[in-house]
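Let's take a walk through this structure together.

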Amino acid sequence: MSHLPTIITDLAMILLVAGVTTLLFKKINQPLVLGYIIAGFITGPNFVFFPTVADKVNVQAWSEIGVIFLLFALGLEFSFYKLKKVGSTAFVSTAIIIFCMIFVGYGVGQLLGWSHMDSIFLGGMLSMSSTAIIIKAFDDLNLRSKSFTEVVFGVLIVEDIAGIAMMVILSTIAVATSGISTTELLMSVARLIFFLVLWFVLGMYLVPSFFKRANKLMNDETLVVISIGLCLGMVFIATQLGFSSALGAFIMGSLIAEAPNAEHIEHLIAPIKNLFGAVFFVSVGMMVNPALLANYAVPVMVLVATTILGQMFFATCGILAAGQKLKTAVLCGFSLTQIGEFSFILASLGTSLGVTSDFLYPIIVAVSVITTFTTPFFINAAEPAYAKLEAILPHRFLSWLERYTDNNDSKNDQDWKNYLQIYILHLVIYSTLLLAIILGATLYLLPYLQNTLQLIYANWLAAGITILFMAPILRAILINHAENTELFAILWFKKRSNHLPLLILVLGKVVSATMALYFVIHNIIGLHGLIAFLVMLVTAYLIASSDWLMGEYLRIESRFLVNLNEKHMRKHREIEGAQKADQGNWFDEELQLACYQVGDDSPVIGQTMKKLAMRQLYGCNVLQIETAAATIDMPGGEQIITKGSRLLLIGTTSQFKIFDAAIIQLKLKIQRLEEAKTLRQFMLDGSKTKPEQQFKSVAITIDKHSPLLGATLKAANLRHKWSCLVIGLERGAFTITNPNVDLVFEKNDLLWILGKQKMINTLIREEIL
């Protein structure tokens with residue numbers, strides 16, 4: 001008779017018991033997680049009335065795989081668009097909740113006489129509410145449609161991200177045997193941010209693109225194999241770099257979540273996640289020791305009270321501080337009164353690192369079980385609690401709260417805030433990419449060329465390759481402002497006092513770019529002093545003046561933005577497809593037209609369109625110039641502005657805002673004749689005129705035979721060639737209004753142009769239409 005491996009008999013017993021217990025818990029309408037924990041207790045070494053697992057080491061290995069798949073599945077459900085959508089409320093309230101609960105948890109641990117490390121991990125465990133338990137409770141109580149639940153889910157999304165960061169920080173603290181300094185901790189956080197940004201940018205560019213290109217070659221089998229392979233590959237990379245396996249799994253899941261077939265992948269992975277997740281939660285139950293819990297009954301009840309009251313109070317205060325109404329804050333606070341799966345993962349991390357006591361794991365499990373049962377009762381008690389709170393709070397305090405939340409809801413001038421957010425985000429991303437390229441060159445490329453290939457000019461070759469990879473990023477930083485150019489222009493033309501801080505910010509980016517160049521020239525090539533400085537200046541000038549590099553940067557950026565936004569845009573179009581069909585094209589409402597009159601003493605009189613630089617300075621385009629002598633459609637760069645000319649401009653609301661501010665600040669003496677109207681309304685009004693005078697919009701597909709494929713908008717010179725104006729471009733489900741002149745046309749792009757009958761005749765003659 002053949003020998004059956006122990007892992008198979010253990011797994012059979014675990015799954016059979018788990019199956020029975022979860023059926024029972026399903027029958028009594030309780031979360032399945034509790035059923036798994038009970039199954040683990042029954043099959044664990046602390047329950048003597050039932051056969052126990054023979055090899056706990058193998059079960060522990062399976063449970064670690066379970067953590068990987070749980071975090072991978074969590075990443076698949078994650079969306080960067082959702083993270084952006086939750087807004088400041090979720091970030092502010094989550095920061096308050098986590099910081100305060102960690103502080104309170106640490107203090108309670110110290111009062112109970114526990115060790116320093118036990119108290120730190122305890123604070124982290126008590127700060128994380130359970131997504132699975134809250135979703136189950138909301139579904140059971142039919143609350144998913146309530147407005148406050150959106151705030152709760154926003155907090156849970158940010159808590160998931162914070163939990164990942166907490167795992168890394170706690171791991172760093174745990175491995176420091178002789179204590180960790182503040183500097184080391186900050187370096188650990190900076191290292192985490194560096195790799196997170198690098199993985200996000202490279203992964204978002206590569207992973208969804210790979211799934212889109214290989215989609216036709218994949219069936220369900222290959223999808224599962226490739227997805228799990230990518231997950232485990234990222235797990236390996238993360239652990240090699242000193243991070244946790246769970247971090248790698250979550251990152252790869254969040255990257256695959258932006259693939260076009262992400263929902264199908266999530267559906268295929270679900271059974272695997274459920275299987276290994278069940279083993280993980282069963283292994284959690286195996287840690288439950290009734291004798292130990294009896295000895296620690298008082299700490300368990302203390303921690304239950306701390307969790308419920310702490311989450312209730314700090315979540316309410318945090319959501320209030322973020323600007324939500326008192327009722328919303330109370331309802332959210334009463335919903336977050338439990339701990340769950342992330343607490344188990346943190347407890348498992350502490351156990352695996354050997355830095356937490358044996359009693360902490362089962363205590364946390366007991367606290368989670370109790371708070372899971374109490375969650376629905378506290379959610380139901382939220383409304384009566386709010387009514388009582390409103391009755392007992394002083395009227396003056398309630399009035400102050402009302403004014404505070406009203407002020408937070410008001411629409412203040414956000415231009416500087418939005419600009420700085422984008423500025424910092426771009427600076428972090430570009431600095432991370434430049435640093436990654438430099439590190440790759442100095443640590444791997446240069447030693448390979450010098451030691452392995454033993455090339456004579458290895459340092460020059462390494463520097464050339466490094467600068468080539470850095471060049472598109474440097475081009476964007478040096479010329480393209482590396483942020484939202486419209487916001488920059490709005491702030492620049494709004495008032496003169498903005499000029500100096502804006503120039504300082506631009507100078508800061510230029511300095512960061514030139515420092516990266518100088519490092520390559522000085523450290524890799526070996527040039528020093530004035531020669532290195534001059535070579536840096538020449539290289540920076542060549543990069544900044546290259547249209548080809550600008551085109552390459554825009555190609556990379558557009559592909560990244562397509563991958564980041566396409567899934568959401570596709571869903572949005574599917575939901576509102578019928579409505580969009582009735583309303584017209586996507587740019588009909590986004591683009592607007594306005595007519596301006598040039599004054600008799602305007603300083604722009606006598607200037608050419610090229611010198612006026614409407615597109616470069618303000619973002620809008622001149623569609624038509626009307627003079628006493630003639631009407632010129634799509635005027636070229638050599639067209640001269642004359643006295644009394646009427647300019648018909650096309651652009652977005654923000655672009656007109658820039659131009660109007662510039663008219664005032666630069667004293668251009670140009671007057672708007674009428675309110676701007678949408679392109680849709682403009683074309684409807686024009687339909688009453690003669691056919692040859694009507695403007696028409698046409699879509700052109702860039703296929704493999706198109707003469708535009710691989711060309712830039714500037715090189716194509718469509719204004720002169722086809723007597724038209726390019727107003728938009730669709731790349732996949734992503735749309736670009738008034739695309740940059742250096743944008744390179746790619747296969748399957750949909751190009752939208754605006755013109756008159758002359759344009760239509762040209763397109764028919766050239767067999768474009």
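One definition before we set off: a residue is called buried when its relative accessible area is under 20%, exposed when that value is over 50%, and partly exposed in between. With that in hand, look at phenylalanine 69 and phenylalanine 276, which are both buried. Keep in mind throughout that this is a predicted model.

The whole structure holds 20 aromatic pairs. Phenylalanine 69 and phenylalanine 276 make one that is stacked, with 5.2 Å from centre to centre and 10° between the planes. The pair ties together distant parts of the chain: phenylalanine 69 belongs to helix α3 (residues 56-77) and phenylalanine 276 to helix α12 (residues 262-286), 207 residues apart.

Now zoom out. The chain has 34 helices and 10 strands, and its C-alpha atoms fill a box of roughly 100 × 80 × 55 Å along the principal axes. Of its 769 residues, 49% count as buried. Take the contacts with a sequence separation of 6 or more: 79% of them are between residues 24 or more positions apart.

What sits inside? The largest nonpolar core has 190 residues, and the members that touch the most others are Leu71, Phe121, Phe280, Phe344, Leu718 and Ile753. Helix α8 (residues 148-175) is the top contributor to this core, giving 14 residues. Pick leucine 71 and look around: apart from neighbours within four places in sequence, leucine 71 is in contact with Ile164, Ala246, Ala249, Phe250, Phe342 and Ile345. There is also a second, separate core of 25 residues, with Cys620, Ala661, Ile663 and Leu668 among them.

Next, a loop and a helix. Glutamate 258 is in the loop between α11 (245-256) and α12. Is glutamate 258 buried or exposed? Its relative accessible area is 5%, so glutamate 258 counts as buried. Valine 207 is 51 residues from glutamate 258 in sequence, yet the two C-alpha atoms are 8.5 Å apart in space. Further along comes helix α14 (residues 297-321), whose 25 residues reach 35 Å from first C-alpha to last, close to the 36 Å expected at 1.5 Å a residue. After α14 you meet glycine 323, with a positive phi near 105°.

Move on to helix α20 (residues 415-452), where you'll find tyrosine 448. Tyrosine 448 is partly exposed, because its relative accessible area is 43%. Alanine 462 is 14 residues away from tyrosine 448 in sequence and 9.5 Å away in space, C-alpha to C-alpha. For a gathering of rings, find the aromatic cluster formed by Trp416, Tyr419, Tyr423, Phe488 and Trp492. Helix α22 (residues 485-494) has Leu487, Phe488, Ala489, Ile490, Leu491 and Phe493 as its buried residues. Their cover includes α20, α23 (499-525), α29 (614-618) and α30 (653-665).

Now for some strands. Glutamine 624 is in strand β2 (residues 621-626). With a relative accessible area of 13%, it falls under the 20% limit, so glutamine 624 is buried. The side chain of glutamine 624 makes a polar contact of 2.7 Å with the side chain of aspartate 633. Beyond four places in sequence, glutamine 624 touches residues including Thr631, Ile632, Pro635, Arg646, Phe695 and Lys756.

Methionine 634, in the loop between β3 (631-633) and β4 (646-651), has a positive phi of about 45° although it is not a glycine. Lysine 667 is another non-glycine residue with positive phi, near 50°, and its place is the loop between α30 and β5 (670-672).

Finish at strands β8 (residues 724-731) and β9, which run antiparallel and are joined by 4 bridges. Glycine 728 has threonine 737 of β9 as its bridge partner. Along β9 (residues 734-737), Phe734 and Ile736 point one way and Thr735 and Thr737 the other, and all are buried.

Conventions:
Residues numbered from 1 in each chain as written. Predicted model: local features only at pLDDT ≥ 70, side-chain atom pairs only at ≥ 80, totals over all residues. Heavy atoms only, no water. Helix = DSSP H or I, 4+ residues; strand = E, 2+ residues; numbered from the N terminus. Buried < 20%, exposed > 50% of the residue type's maximum accessible area, 1.4 Å probe, protein only. Polar contact = N/O pair within 3.5 Å; in protein donor to acceptor, adjacent residues only side chain to side chain. Contact = heavy atoms within 4.5 Å. Core = buried A, V, L, I, M, F, W, Y, C linked by side-chain atoms within 4.5 Å. Expected span 1.5 Å × (residues − 1). Pairing = 2+ DSSP bridges. Phe/Tyr/Trp six-rings, centres within 6.5 Å; stacked < 30°, edge-to-face > 60°.
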